[in-house]
Amino acid sequence: MAPRSIALVGASARPEAYGNGMIHSCLSAGFAGDVFLVNPRYEEIEGLACYPAIDDIPGAVDLAVLCVANERLEAALGDAIASGAGAAAIFASGYMAEAGDGPALTERLATMARDAAMPICGGNSMGFYNSASKTHVSLGNRDEWPDGDVAMISQSGSVSIAMTAIAGRLNWNLLVSSGQELTVTAA
């Protein structure tokens, strides 16, 4: 919840993409740590260097924010784990039409993370906002959230969105959408 560095895996130059919105969310919150962009399609996005893979980042990554589709999620989490990232936030649902008798994607992700002792916010989450560390990795609009003393942890992304809509009446210290709670529960 208070990383020193964040890797945005799936960063995008497309304004409508979650990977682009996440860049703006991180920067608008005033995060003082390093923000690394990861996408092999770009060398730079909005003046920030973009690395082809999380392994190419010079230095440690505390939080890997996976802004990728379900089809890329397992590989992206595997790369984050292999690179030594300390935690992850996952927005994608993890639901796929899968053939065969093997475990579903969500089960595989949870097993990978548990085996690596990696806490995950999500999947199917809206992310989190931590005022104390100026960390904003959420799909909500940070620009209108005054800092304050209210904290909320909600499994439901819809409830999180509704609460951010009344941000003028509530001053947030911590807002977490835990989603599927693959490794970390609301408790």
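How many helices and strands does the protein chain have? There are 4 helices and 11 strands. Keep in mind as you explore that this is a predicted model. Here is a short tour, from the overall shape to the inside.

**Overall shape**
- The C-alpha trace of the protein chain spans about 50 × 35 × 30 Å along its principal axes.
- A compact globule with 187 residues would have a radius of gyration near 16 Å, and the protein chain agrees because its value is 16 Å.

**Surface and charge**
- The accessible surface of the protein chain comes to about 8,900 Å², and carbon and sulfur atoms hold 51% of that area.
- You will find 9 positive and 20 negative side chains in the protein chain. The centres of these two sets lie 4 Å apart.

**Inside the protein**
- Of the 187 residues in the protein chain, 46% count as buried.
- The largest nonpolar core has 25 residues, and Ile54 and Leu66 have the most contacts inside it.
- Elements that give two or more residues to this core are strand 1 (5–9), strand 2 (34–38), strand 5 (63–66), helix 2 (70–83), strand 6 (87–90) and helix 3 (105–115).
- Leaving aside residues up to four places away in sequence, Leu66 touches Val9, Leu73, Ala76, Leu77, Ala89, Ile90 and Phe91.
- A second, separate core has 21 residues, including Ala11, Cys67, Cys121 and Val137.

Key. Residues numbered from 1 in each chain as written. Predicted model: local features only at pLDDT ≥ 70, side-chain atom pairs only at ≥ 80, totals over all residues. Heavy atoms only, no water. Rg over C-alpha atoms; globule rule 2.2 N^0.38 Å. Buried < 20%, exposed > 50% of the residue type's maximum accessible area, 1.4 Å probe, protein only. Areas by Shrake-Rupley, 256 points an atom, 1.4 Å probe, with all protein chains shown as cover. Lys, Arg positive; Asp, Glu negative; His and termini not counted. Charge placed at Lys NZ, Arg CZ, Asp CG, Glu CD. Core = buried A, V, L, I, M, F, W, Y, C linked by side-chain atoms within 4.5 Å. Contact = heavy atoms within 4.5 Å.
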